[in-house]
Amino acid sequence: MKYYIGCDAHKKYSVFVTVNETGKVSTPERVDHDKDLYRKYLCCLPEGSPIAIESVGNWYWMIEEMEKAGHQPILVNPRKAKLLMGHINKTDKLDAKGLALLNLNGSLPSVWIPPSELRDQRELSRMRMSLVSVRTKLKNRIHAVLAKYAIVIDEVSDIYGQRGQELLREAIEYLPQETRHSVEVQLQVLDQVSAEITQIEQHIREIIKDTPVMQLIKTLPGVGDILAIVIALEIGTVERFGSGQHLASYSGTVPRVNSSGGKTYYGRVKPDVNHYLKWAYIEAANCIALQRNKMEHRHVGQLLKRIQKQKGYPKAAVAVARHLAEATYGMLKKNEPYKEPGLKKAVSCSQG
């Protein structure tokens, strides 16, 4: 007899419920997140059992233990699973039972599980993104202080370049004592973070070898070596997407649509998306914006200009990011580099 298992996982423990082919439900069992206890429990389950587990923050190690024990882990979208369960009340036991029953019925909203090596490599690019975010916040804080005291440095385009930093350090001498001290500390931290980012980028290039997929992705406007690595690692395999729109939605570049009575409204993008992939495509759109003069005759440049004029830069950047995501799907499926829409054999992409 075959058994179907639901696992409601939390930070410190998991609750398991088993359902057999006839629909008989077992008594819920709570297992603390001690690895030895967890392994012993998994060994007691029927061999090769399909185990449904929600995509919680600490699922990596649980999936690995299930795979080592010879089971078939199924990662589940928690929001969609809750809707399918239809429970009014919420308890760990009800959630585990609901997952087990969805598992039995074959209606689990499953999520792709990246291979172990890919999960490991992703941490490098994700750590870099986290440090880039810290660097950006530090720069914004320094700009805010300069603005408070009407300090303008217009001799250079980048005040964080070599010449720009010289001018910046001269300018902050006119700030009040404690304000100047705070800026000096932030500049020191900024130098440290920038140095770490440089080392990480070098390590990423050494560890993650350039692949044909990455070479194709680098033909996208605004995408260089690092962004190509991020996009390739986060996509994993393009075959898991049914269309370019599906990939764009997964990337967080498609707005919500509310259409009724002949009226259509477009809202914010969905929250349950791959935020790392969204960041990469938005970053590519920002790079395109910084190269407006070079991009003005290209599709992405015209798209950015048109949407920005109508709806502002943030929505224009998302529209360009959506185009790049849909173009990525077409490129990888056809195994060909990016081509401008409208040209022969061009990739068919929505303009967002």
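The model is predicted. The protein chain has 352 residues, of which 43% are buried, and its secondary structure comes to 14 helices and eight strands. Mean pLDDT for the chain is 91.

**Overall dimensions and contacts**

- Taken along the principal axes, the C-alpha atoms of the protein chain fill a box of roughly 75 × 55 × 45 Å.
- Among contacts in the protein chain with a separation of 6 or more, 56% are between residues 24 or more positions apart.

**Confidence**

- A pLDDT of 70 or more is reached by 97% of the residues in the chain.
- In residues 343-352 the pLDDT is below 50, although this stretch has 25 contacts in the model beyond near neighbours in sequence.
- Where pLDDT is low, predicted coordinates should not be read in detail.

**Cysteines**

- Zero disulfides are found in a search of the whole structure.
- Cys-7 is in no disulfide, and the nearest cysteine sulfur to its own is that of Cys-44, 15 Å away.
- Cys-7 counts as buried because its relative accessibility is 0%, under the 20% cut-off.
- For Cys-44, the closest cysteine sulfur is in Cys-43, at 6.9 Å, which is too far for a bond because a disulfide needs the two sulfur atoms within 2.5 Å.
- Cys-44 is exposed, with a relative accessible area of 66%.

**Packing of helices H3 and H4**

- Two packed helices are described by the angle between their axes and the distance between those axes.
- Helix H3 spans residues 78-85 and helix H4 spans residues 92-105; they pack at about 85°, and their axes are 10 Å apart.
- H3 is therefore roughly perpendicular to H4, since the angle falls in the range of 65 to 115 degrees.
- On the H3 side the contact is made by Ala-81, Lys-82, Leu-84 and Met-85, and on the H4 side by Asp-95, Gly-98, Leu-99 and Leu-102.
- Sorted by class, the contact of H3 with H4 has five nonpolar residues, one polar residue and two charged residues.

- Most residues other than glycine have a negative phi.
- Ala-150 has a phi near 55°, a positive value in a residue other than glycine.
- The loop between helix H5 (116-148) and helix H6 (162-171) holds Ala-150, which is exposed at a relative accessible area of 65%.
- Asn-335 is not a glycine either, yet its phi is positive, at about 55°.
- The segment after helix H14 (313-334) contains Asn-335, and this residue counts as exposed at 58% relative accessibility.

- Arg-128 is found in helix H5 and counts as buried at 10% relative accessibility.
- Leaving aside neighbours within four places in sequence, the contacts of Arg-128 are with Ile-197, Ile-200, Glu-201, Ile-204, Ile-226 and Trp-279.
- Glu-117 also has its place in helix H5, but Glu-117 is exposed, with a relative accessible area of 58%.

- Glu-178 is found in helix H7 (residues 177-207), where it counts as exposed at 56% relative accessibility.
- The C-alpha atoms of Glu-178 and Glu-21 are separated by 71 Å, and the two residues are 157 residues apart along the chain.
- Ala-289 has its place in helix H11 (residues 275-290) and counts as buried at 12% relative accessibility.
- Not counting residues up to four places away in sequence, Ala-289 touches Leu-304 and Tyr-313.
- Ala-289 and Leu-83 are 40 Å apart in space, C-alpha to C-alpha, and 206 residues apart in sequence.

Technical notes: Residues numbered from 1 in each chain as written. Predicted model: local features only at pLDDT ≥ 70, side-chain atom pairs only at ≥ 80, totals over all residues. Heavy atoms only, no water. Buried < 20%, exposed > 50% of the residue type's maximum accessible area, 1.4 Å probe, protein only. Axes fitted to C-alpha atoms, helices over the stretch in contact; angles between N-to-C directions. Helix = DSSP H or I, 4+ residues; strand = E, 2+ residues; numbered from the N terminus. Parallel < 35°, antiparallel > 145°, perpendicular 65-115°, else oblique. Contact = heavy atoms within 4.5 Å. Nonpolar A, V, L, I, M, F, W, Y, C, P; charged D, E, K, R; others polar. pLDDT = per-residue confidence, 0-100.
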